[in-house]
2 protein chains.
Amino acid sequence: MPRPAKFTEDQILDSALRLVATGGPGAATIAGIAGLLGAPVGSIYHRFRSRDLLLARLWIRTIKDFQKGFLEALEADDLDEAALGAALYNVEWTREHLEEARVLLLYRREELAERWPEELGGELATINADVEVAVKNHAVMRYGKGVSAAALRRVVFTLVDVPYAVGRRHLINGEPPPPLADELVAETLWCVLIGARSSGI
Amino acid sequence: MPRPAKFTEDQILDSALRLVATGGPGAATIAGIAGLLGAPVGSIYHRFRSRDLLLARLWIRTIKDFQKGFLEALEADDLDEAALGAALYNVEWTREHLEEARVLLLYRREELAERWPEELGGELATINADVEVAVKNHAVMRYGKGVSAAALRRVVFTLVDVPYAVGRRHLINGEPPPPLADELVAETLWCVLIGARSSGI
DNA sequence: TCGGTACTAGAATATGTATTCTAGAATGTA
DNA sequence: TACATTCTAGAATACATATTCTAGTACCGA
């Protein structure tokens, strides 16, 4: 049938990934992506309608890879084990995927969604839905059905915000989070989430 | 003497500030900045050699405004009061300066320093020096002269990283941090920094 | 071996925005 | 009132990069 592809979609995204990770979003030009891959720009456009779409796909591929393990960790039977696992997975994933983590650091769904083609509007709007539901469920199991907004915020803080903040500082320097990062995340989780269970939240 | 200025440097930076805060970095074009102010582009270039320089000045003006109060708070005599004050000032400043906080959220010193003119290289390289020294001093007072890198990291985590992470989530939605944000910051500080004093760090 | 298909190839073009340029205007001082 | 100075004005230009266009190419199945 047709001529086989010489450059796959994933190869192109990998090329963009490397450029974004090392030189920031501005470095991922079409010519740059093609050049790094040894491909002509025409081949890039054969796969992706536009640069925005390409970068959107990279972001989506990356966040999905992250979410997968996060959701798995949150499924643990023991409530505290689930919370700790999810929070630490965050740091661990960053450590094992430095370049991908930089992509998530440099792009923000909200700020980019507006300029992305409608084609992706739906996918982008709901991409966090699974995680939001899972976190909400965790909060319900922890605090009961009528969990307050404040208690939910507390869960998000410990499972997402704090691990993000810790990883960010090291990512900026291009280093993987050291073991101390896990300690800080775990300590905060213990104190702010688990230790707070007995108080009247 | 000379003709008086119709558009001051600060007016121009304010115009850029609003554009960045509402539409992201990309919205702050020279034509956009001039248009919002009712000025011709020539007047912008009369004040700023280039767009990069203009945005750099905006960033510097903003971070300095933030640092001022942070350093003051950290000077309190009582050690715990100083730490708590600095951490909470972070949230409070964000609450009172939503647009400015968005500038700090959207730009990163490291990623932009490379493209900024040499003219600012020195200023940018040392702009965090005061804060770093103050935080280091705080750590020394808290843990003694031979404070470990881990302990210092712990101080940075509670005074800077956590407040940043909390504020970020609300900023992204364009909302000021609610009172709950202060609670989370204070609780984390108490547990991870103050409560840890007795342990062998 | 031939034809159809999807791909490679990269030169040519379009586009958005930064930057420059030349002219003119407004002020205080001599 | 004339001059020096610094600013306003906005049209003209430069530039970087995304995007398009037209050929040509490699594989597969008939």
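The model is predicted: local features need pLDDT of at least 70, side-chain atom pairs count only at pLDDT 80 or more, and totals for chains, interfaces and linings use all residues. Residues are numbered from 1 along each chain as its sequence is written, while chains are lettered from A and ligands numbered from 1 in the order in which they are written.

Start with the two copies. A rotation of 180° with 0.0 Å of shift along its axis places chain B on chain A, at an RMSD of 0.0 Å.

Next, the contact. Chain B gives 21 residues and chain A gives 21 residues; two residues touch if their C-beta atoms, placed from the backbone, lie within 7 Å. On chain B's side, α7 (109–113), α10 (149–172) and α11 (179–194) each supply at least two residues. Helices here are DSSP runs (H or I, at least four residues), numbered from the N terminus. The largest share, eleven residues, comes from α10(B). Because 100% of the interface residues of chain B are also interface residues in chain A, the copies meet through the same surface.

Now the DNA. Around DNA strand D lie 23 residues, and A:R3, A:T29, B:P2, B:K6 and B:G42 come nearest. A residue counts as near if its C-beta atom, placed from the backbone, lies within 6 Å of the strand. α3(B) gives the most to this surface, with four residues.

How values were computed:
Copies are superposed by least squares on the C-alpha atoms of residues with pLDDT of at least 70 in both.
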